[in-house]
Amino acid sequence: MKPAAGTEKLSSLQDKRPGPIAQFLTTLLVRRIIPGTFAILRRFAPAFRFPFTNTVIVTSFDLVQEVFSRQKDFPVPYQRQVDYLDWKPTFLLAMKDTPAYWETLENVKKLWRTEDLKFVGQIANEVSQQALDKAGDRIDAIQGLMVPVTEAVIDRYYGVPIPSEKRQDFFNGCMHVAGFLFGAQSTAPKVVAGAQAAVKVVWEVIDDAIASARKNPLPDTTIIGRCHAQNIVDDQALRSYLMGMIMGYLPTNTLANGHALDVIMNNRTGYQTACDAAAADDSGMILKCVHEALRISYILPGLWRTAPEDQEIGIGSKKTYKIKKDQLVYISGMSAMKDKRRIADPNRFDPNRSKDVYMVYGYHFHYCVGDKIADTMMEEIFTAIFKRKPKAGGKMVYNGNFPWNFFLSYEK
């Protein structure tokens with residue numbers, strides 16, 4: 001698959017993208033077969049042990065929320081992946097419910113503050129407008145707009161500039177590592193070696209930014225500058241926090257923005273509502289459209305949890321399900337947000353649904369700590385796109401499971 005203009009390979013990290021047949025099969029699996037299978041399981045076997053494996057797939061709304069909320073019974077398994085990546089101290093999403101987790105969370109909140117949202121919005125708005133002005137009547141909304149906005153926030157807000165010669169390797173590295181952390185949970189030597197090679201350039205960029213800021217202090221409007229000025233944590237912890245937030249933004253924002261745009265552009269109600277909201281400067285409705293689009297086409301089939309001891313789920317309901325010690329539990333928010341027992345007419349685009357039906361940022365423990373920043377960026381990106389009223393329709397081009405290109409056309 002040829003990269004979009006302006007995103008060609010810039011350095012030595014080998015960019016191995018699937019060929020046309022492999023890409024077709026991957027897209028078919030992730031976008032059609034898995035959702036269809038989960039829909040059947042949700043109806044008839046909402047806690048299903050996948051044959052010949054040690055994995056239980058949880059698909060109904062109530063059971064997914066129950067597993068999410070019982071973080072001590074079903075802790076995350078991601079630490080073993082983190083251990084291969086020179087990542088110390090560990091990052092927030094790999095931590096269990098311990099005092100160290102809550103201390104880390106408070107430190108992250110001291111660095112990434114709610115009062116920074118205006119600054120983040122200014123960056124996102126400025127870069128979005130510049131990209132659209134430069135592009136004219138046609139733009140790759142992912143590589144030409146959404147990725148540059150996220151990179152600009154990482155640079156100007158985080159204080160981590162991405163050198164142009166490392167830009168593509170940095171992006172590819174983040175995508176690869178995100179898949180290693182949250183994907184199939186494989187620690188085969190070849191898989192580990194690939195992740196270690198991919199993460200190397202990301203660490204280099206972060207380490208260079210921290211070292212440079214020690215010599216030439218950054219303003220406290222940046223995360224690094226704030227940390228150094230106020231001695232919030234040492235550089236080793238700062239390094240870990242920056243990696244966690246970058247991994248949370250660059251791959252996840254690309255996934256989320258791409259999926260949301262695809263739904264809105266190809267849904268008559270979604271498209272018209274977004275255009276009307278942008279014309280009225282109704283950022284709240286824009287955000288509702290994005291969240292509803294992500295409910296319809298969520299970014300991942302599911303997330304992993306473990307069961308250190310025998311457990312039972314469905315407590316208090318008509319039927320309970322046993323989870324055996326040491327089983328992996330795969331909880332599907334994607335499936336849960338389509339559950340007819342909790343969401344009326346789930347395939348209909350309705351941005352005015354209750355907030356209670358959404359799990360786009362997770363649920364309960366490990367709820368996304370950067371949700372407000374992500375929302376601010378999405379508001380600005382989608383408002384800028386739909387203010388210009390692009391022509392409806394369009395087709396997503398994927399790189400594996402990652403949205404890679406989505407071209408928008410505008411009237412001259």
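Which helix gives the most to the lining of the second largest pocket? In this predicted model, helix 1 does so, with 9 residues.

**Figure 1. The second largest pocket of the predicted model and the elements that line it.** The space in this pocket amounts to about 910 Å³, and of the 32 residues that line the pocket, Arg 31, Arg 32, Pro 35, Ile 296 and Lys 338 are the closest to its centre. At least two lining residues each come from helix 1 (20–44), helix 10 (235–265), helix 12 (283–296), helix 13 (333–336) and strand 8 (397–399). Sorted by class, the lining comprises 12 nonpolar, 9 polar and 11 charged residues.

Figure 2. For Arg 295, which lies 62 residues from Val 357 along the chain, the separation between the two C-alpha atoms is 8.6 Å.

**Figure 3. Backbone details at Pro 89, Phe 52 and Gln 185.** Most residues other than glycine have a negative phi, and most peptide bonds are trans. Lys 88 and Pro 89 are joined by a cis peptide bond with an omega of about -10°, and Pro 89 is located in the loop between helix 3 (79–82) and helix 4 (99–111). Phe 52, in the loop between strand 1 (47–49) and strand 2 (55–58), is not a glycine, yet has a positive phi of about 65°. A positive phi of about 65° is also found at Gln 185, again not a glycine, in the loop between helix 7 (167–182) and helix 8 (189–215). Phe 52 counts as exposed, with a relative accessibility of 87%, whereas Gln 185 is buried, with a relative accessible area of 5%.

Figure 4. Along the principal axes, the C-alpha atoms fill a box of roughly 60 × 50 × 45 Å. Of the 412 residues, 54% count as buried, and among contacts with a separation of 6 or more, 75% are between residues 24 or more positions apart. Carbon and sulfur atoms account for 55% of the accessible surface of about 18900 Å².

Methods
Residues are numbered from 1 along each chain as its sequence is written. This is a predicted model: local features need pLDDT of at least 70, side-chain atom pairs count only at pLDDT 80 or more; totals for chains, interfaces and linings use all residues. Side-chain values use heavy atoms; hydrogens and water are left out. On a 1 Å grid over the protein atoms alone, a cavity is a set of points where a 1.4 Å probe fits but cannot get out, and a pocket is an open set with protein on both sides within 12 Å along at least five of seven lines; lining residues have an atom within 4 Å of a point. Grid points are joined across faces, edges and corners, and a volume is the space filled by probe spheres set on the points. Helices (H or I, at least four residues) and strands (E, at least two) are DSSP runs, numbered from the N terminus. Ala, Val, Leu, Ile, Met, Phe, Trp, Tyr, Cys and Pro count as nonpolar, Asp, Glu, Lys and Arg as charged, and the others, Gly among them, as polar. Buried means under 20% relative accessible area, exposed over 50%, partly exposed in between (1.4 Å probe, protein chains only). Contact means heavy atoms within 4.5 Å. Accessible areas come from the Shrake-Rupley method with a 1.4 Å probe; for residues, only the protein chains shown count as cover.
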